[in-house]
Amino acid sequence: MSDGPSESTVPAGANWRDLLRTTKRARRLARHMRREARRAMPWWRRALPTWRMLLGGLLAVVLLCITAFTALYASVQVPGPNAAAVSQSNIYYYADGTELGRTGAVNRAAVPLSEISVDVQHAVVAAEDRTFYSNKGVDVRGILRGAWRTVTGKGLQGGSTITQQYVRSYYLTQEQTLGRKAKEAVIAIKVNETQSKEAIMAGYLNTSYFGRNAYGVQAAAQAYYGIRASQLNVRQSAYLAALLKAPSVYDVSTATVANRAAAIARWNYVLDGMVELGYLGSGERANMAFPTPRAPRPTPGVSGQAGYLIDVARRYLVDSKIMDDAMLASGGWHITTTFVKKNQDAMVEAVKKGLRRLPDTRKAKAIRVGAASVDPSTGKILAAYGGPGYTTQPYNDAIRHDLQAGSTFKPFALAAALEHHATTQDGRTITPRTRYDGTSRRCVQGLPRGLRYCPPNEDDRDYGRISLRNAMMKSVNAVYAQVGADAGPADVRRAAIAAGLPSTTPDMSANPALALGVAAPSPLDMAQAYATLDNHGRRIATWSVQKLIRNGKSYELPGHKDIRAFSRATADQVTSVLEGVVSAEGTGHVATGLGRPAAGKTGTTDSNLSAWFVGYTPQLTTSVAMFAEDPTSHVRLSLGTAAGISRVNGGSYPTRIWTAYMAAALKNLPVKDFQLVVPTETESPTTEPASTPTSSGTPTPTPSPGPSTPTVVPSTPSPGPSTPTVVPSTPQPGPSTPTAIPSTPQPGPSTPTAIPSTPSPGPTQQPNDTSTSTSPSSQEP
């Protein structure tokens, strides 16, 4: 008989339970040992997560992202077209709320994909999304890149597929937020699942903005080439595809030299992409020339001056990055400008009246005017004149940059000298009473060795010893060329930029001719720069939009801060000097007819290609430029030739227009003084008295006709060349363009070169073509 239960009588689950208990004890022991081992580590090592922690955290993040995307995907539905996809007009208003003009309904003509050239479809894929036919509507790397740019404050740039761009323009808005980007990606995936690639391509091509107020490829084909979308060839298709990146910048008809080069580079990029994708043969690609589009056509509904004013407002919105061209052209905006209707009407009437006073010749019809008027205390642009009518001449003369400023640039040379306490070549501190040698063709001192710059005065008149105040009044070139050298051409350039001229102003390099006005700022630029002087040296950037509303929502606009450009003493001294120009003895004496305190400067350029008057009162700054241009060839003409007289000076027709406008604009406003704060002017007791102007080269000096007659100048040409030149040390036959050659005369004509950018003595430097080939005579009446 057995003493106990046999092995077979032990419960079946006993071994399993023992094994489970043993396993649990082993796990607890292992955890305890790990904890003890971690406690034995240094504190800094214990602060680091273990691989288990990292793996667990990563899995949690992945799970969270999947959950969030699933929730987002389920919650976001494909919406209907947004408001921007519906055709609307932009309405512009004067400052008082009176309607100024409209840029009509969005220029769009949707067409089926079968009516769009296959070359266009291929070009767009090569330009915008080379994986379009294989991706699922999104580019993950692109989304991450766009999200990072948003988080770091760089905006949403790059990475969007064609489907995403279509979703953004048709279903969403241009709002740059991370939330909008996430919605865009989800909707793009859903659209890609529910619509064919052909339908997405058609929608994209019919909603994209191509510039020139053209929405959709059909409108773009008409705007740029005057044909239907089905007729576009490979070269044209590649250019339209290139425009999608930056429509306004890449429009070669209106682009700067740099932007034109960028547009052509983008066009080449598209063609190379088509070769890479197999849409175009490399041999065919190699023989392709750029397809120049036709010139922009006027937009209906912006006749008269309205189109020019709208152009100024549009450029302000885009240049200030308030919105881009596509957002503005999508329509629905109510834009209140700073333009004052009374001022605008007065400017139009003054220009028309001034042009009517020209001799009735056939060529006089080619004479044009650009003008702008600014409130110096606020920077508001109050009026502008861009041409005879936007629908007949869609080129805005108020903002063009190809009119040399002439003597209207001299105040910047004076401001530079006063601001930096410059001295003359013999060590005298420059003030408005400092006397210079006003002899015509007197060579500028202090230039680099081997250079001689000897500009003539108007009609080759000599003025002897003359103060800077009187030299400005008479617009003596010989004096202010020397002032520019004494102040330093680089400082003259900096003074012009400080006043408000763009640093990119054509031909505004630092060279000895700069003080006489070889640069080509726009009339609006010059109004801003003189407004800085008017505002006692404080610059406020000009602006033209004061209210922006869309769909009942008001959008915030940037503020307008003033910046100290010059000391008050400098600005007020320049104003005091310019008051002498608007006097009975000054070149701007016609402006005395205004009957209130005024300051300004006349300017007339080489070959009489432009004539200016820029002036101001304490309440208003206005710039008027006049030029002549062949309406067919656009070749610049001499104003005198066009007017049928010997010469049109800045002190004649431009000053008359300025005076007529200012009288009307300031009517019923109180007469104010400039309230100048200027230091006491001192002068060396050995200074010689001013000489009577004489004609250079005459045996016996006799008084020449004074500059007080602003109209017709005697038709007999004055002796000698009329353009300031850089000449060799010893006069010799050669080209009339300014040159820089070694001190020792060389046989034959010298190679045209540029004036070095610094006035300090030094070795002869390499040429700068822009400064020497466009020197103006800065003639005055």
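The buried residues of helix H21 pack against H16, helix H17 (468-474), helix H20 (523-534), strand E15 (599-604) and strand E16 (610-617). Buried here means under 20% relative accessible area, with exposed being over 50% and partly exposed in between (1.4 Å probe, protein chains only). Helices (H or I, at least four residues) and strands (E, at least two) are DSSP runs, numbered from the N terminus. The structure is a predicted model, in which local features need pLDDT of at least 70, side-chain atom pairs count only at pLDDT 80 or more, and totals for chains, interfaces and linings use all residues. Residues are numbered from 1 along each chain as its sequence is written, and side-chain values use heavy atoms, leaving out hydrogens and water.

Back to H21, which covers residues 568-581. With 11 of its 14 residues buried, H21 is largely enclosed by the rest of the structure. Among those buried residues are Thr 570, Asp 572, Val 577 and Leu 578.

Asp 397 sits in the loop between strand E7 (381-385) and helix H16 (410-419). This residue counts as buried because its relative accessibility is 0%. Setting aside neighbours within four places in sequence, Asp 397 is in contact (heavy atoms within 4.5 Å) with Arg 368, Val 369, Gly 370, Tyr 385, Gly 386, Gly 387, Pro 523 and Phe 627.

Trp 43 tells another story: this residue of helix H2 (residues 43-46) is exposed, at a relative accessible area of 65%. Together with Trp 44 and Leu 48, Trp 43 forms a nonpolar surface patch with about 410 Å² of accessible area.

Zooming out, the protein has 24 helices and 19 strands, and 51% of its 781 residues count as buried. Of the contacts between residues at least 6 apart in sequence, 71% join residues at least 24 apart.

As for confidence, the mean pLDDT (the predictor's confidence in each residue, from 0 to 100) is 82, and 77% of residues reach 70 or more. Over residues 682-692 the pLDDT is below 50, and this stretch has 19 contacts in the model beyond near neighbours in sequence. Residues 695-781 also have pLDDT below 50, with 211 such contacts. Where pLDDT is low, the predicted coordinates should not be read in detail.

Notes: Patches are made of residues with over 30% relative accessible area and no salt bridge: like charges are joined within 9 Å, nonpolar side chains (Val, Leu, Ile, Met, Phe, Trp, Tyr) within 5 Å. Accessible areas come from the Shrake-Rupley method with a 1.4 Å probe; for residues, only the protein chains shown count as cover. A salt bridge is a side-chain nitrogen of Lys or Arg within 4 Å of a carboxyl oxygen of Asp or Glu. The expected span of a helix is 1.5 Å times one less than its number of residues.
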